[in-house]
Amino acid sequence: MSRLQKIPVVEEKKGNPLARVFDDLVRFCRSRSLFILHYCTGCGAIELPPAMTSRFDMERLGIQPMVSPRQADILLITGYVSIKTLKRVILTYEQMGSPKYVVGICSCTVNGGMYWQSYATAKKLDEYMPVDLYIAGCMPRPEAVISGLQKLMDRINSGEADSWQDYYRNYDYYLGNQQKLFGEDWQTPTDIITEAKHYELMGEGTLGQHTRLLEQHQKPLEALEMRLGHNIKEPVE
Amino acid sequence: MRPENYEAQRQPPSNEYELNFGPNHPGIEGNYALKVKLHGDIVLEAKADGGYLHRGFEKLMEQRLWIQNIALVPRICVPDPSPMELCYSMAVEELCGLKVPQRAQWLRVMQLELSRIAAHLFTFGGHAATTGMYSTMYWGVADRDLLLDLFEEFTGGRVYSIYNIPGGVRRELPEGFLQRLTETLDYIESRLPDYDNLFFKNQVFVKRAKGTGVMSREQALEWGVTGPNLRATGLAFDVRRDDPYLVYDQLAFDIPVEESGDAWARTLVRRQELMESIRILRQVVEILPDIHGPIRAPIPNPLAWNVPAGETYTRVESSKGELCYYVVSNGGPKPYRVHVRGPSSMHAVQVLEKMSVGSRIEDIAQTMFSLDACPPEVDR
């Protein structure tokens, strides 16, 4: 993680003490109600039903599966990501609301795992999006998944899990790797740079040569015409 | 959610619309997608969109040693990995002319049937969840875990056991294992009436599954359907009986058959297969202590193993259907060509596409689960 920009640590004693207590409370509550977006990208997904259901029961920790990315807190990458999947994973990640956390399960997300020489998979997940936690193993047992998520809870509680800020601060680096894989004209519907300005997370690495390409290849969106009228045909049986 | 063409496209006005069903969708099994064209909620056209799980297995296997591939093959089908390693091992044995000891063959049968029960329990859970009955899913997954514990005990791995190698199996059974196996089988058998009341006789399931995803026997044969899906159309074909491998010809078991060919029939066939697998396992428990001898035929140094040139085609009955391997060797240390004929690539692509037409959008997931399609095996 040496390439990442050092984030200045805010002095603990400054500011309103009441606000500090409030922040702690918010972090505590956040870490106790986590919704995971369970996107089955690979074989590790098979160990998640046991981890969620009666035997190991993740729900006792306040962790539940969630079906839509807008409402989810954790993006669980379960196993190898093929290049076709990686596009969807990046889109899903950008759609999630901040703060968001990424957990890479299985060895394949760390370094390619079994498929290190495959032509179809992306090898290292943290080149394309910031990862908070890896759970290694092929595949990790449900106990390992739960203990990993407990560690994530602790890190959220103490405020260390802030990789989502890193995506805004170093957007150029991640976008560059994505462009290397998907081509120069790679675009996503989400406007990360505006979001970074909104969150006041513009860093030195937010803008760069790759984000300039983004503007170059941008196509203007046309407004959709919606018409309801008599000229709509009934489908032919 | 399609990055290539997310910008608006002008279309002539109509009542039809297209929807991307998956890959990140609660109703879809695994990482798989369908593009469906709808009028209201009736499907007019469906197009399978796979490739999300493509890892290039057949190319990877050409780049690894014969023995290394054993670790690779179970990854092709995640819910039911045991037939994968067995079928590959059988192909290599046939090329080398290796004779597998009797005890190893019985141990392999035991592993296969355990894996079949585990896969079926998982499918029931998934199928019930698509009809809104989550309790069955919780039960099915929890009971499957008991079988995974047995797997862990005698093979060392929970999901990917990698128990077979060409020539036999890796290790001997632990002490008292057969006793624990019997206890688990008793428990699962005692649970089946509860499953019947909760799921198989439940009117929510029966009314939704009857008449959903119907295919006739002729259609099934034409589309290349195998396994429980074919048996649900009334044709009693099972590789275990009609082209016996291992010691299946010495075992007594029936081939359950249903006539109607819809989602309900397919699920009932699996429900009865569960009983047959338990029956087979009970016979194995009875016979296995009397069979002594080695569990592995001697093989040459596996790191410098040149398999004789030739080609072979082996097939086994997995829980999803007929699974075949076509292996070609040119006498070198690595396979020249390996082709996997998985059952799901037929079920999830051509059959699902045709069956979805005319059904409602909420029944697509149910049809897919009733076909027991396994997306990693489709894409490989």
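Biologist: Where is A:Asp57 found?

Modeller: A:Asp57 sits in the loop between helix H2 (48-52) and strand E2 (63-66) of chain A. Helices (H or I, at least four residues) and strands (E, at least two) are DSSP runs numbered from the N terminus. A word on the model: it is predicted, so local features need pLDDT of at least 70 and side-chain atom pairs count only at pLDDT 80 or more, while totals for chains, interfaces and linings use all residues. Residues are numbered from 1 along each chain as its sequence is written, with chains lettered from A and ligands numbered from 1 in the order in which they are written.

Biologist: What makes A:Asp57 count as buried, partly exposed or exposed?

Modeller: The count of other C-beta atoms, placed from the backbone, within 10 Å of the residue's own: 20 or more is buried, 12 or fewer is exposed, and in between is partly exposed. A:Asp57 has 16 such neighbours, so it is partly exposed. Its phi is near 55°, a positive value in a residue other than glycine.

Biologist: And B:Arg380, buried or exposed?

Modeller: Buried, because 22 other C-beta atoms lie within 10 Å. B:Arg380 also has a positive phi, near 50°, and is in the segment after helix H14 (375-379) of chain B.

Biologist: What is the order of the five strands in the open sheet of chain A?

Modeller: The order is E2-E1-E3-E5-E7 in chain A, with parallel pairing. E2 and E7 of chain A are at the edges because each has a single partner strand, leaving one side without a neighbour in the sheet. From one strand to the next, the twist averages 30°.

Biologist: How do you know that strand E3 of chain A and E5(A) pair?

Modeller: Pairing takes at least two bridges found by DSSP. E3 (residues 74-78) of chain A and E5(A) share five, so they pair, in the parallel sense. A:Ile77, for instance, has A:Gly104 in E5(A) as its bridge partner.

Biologist: Which strands does H5(A) lie across?

Modeller: E2, E5 and E7 of chain A, and H5(A) runs at about 165° to E7(A). Such angles run from 0 to 180 degrees between N-to-C directions, with axes fitted to C-alpha atoms, for helices over the stretch in contact.

Biologist: What is B:Val351 in contact with, leaving aside neighbours within four places in sequence?

Modeller: Contact means C-beta atoms, placed from the backbone, within 7 Å. By that rule the partners of B:Val351 are B:Trp223, B:Val225, B:Met346 and B:Leu371. B:Val351 belongs to helix H12 (residues 344-356) of chain B, and its 24 C-beta neighbours inside 10 Å make it buried. The C-alpha atoms of B:Val351 and B:Met215 are separated by 9.0 Å, although the two are 136 residues apart along the chain.

Biologist: What are the domains of chain A?

Modeller: Domain 1 (17-161) and domain 2 (162-219), with bounds from an automatic or database domain assignment. The contact takes 21 residues from domain 1 of chain A and 14 residues from domain 2 of chain A.

Terms used. Contact = placed C-beta atoms within 7 Å.
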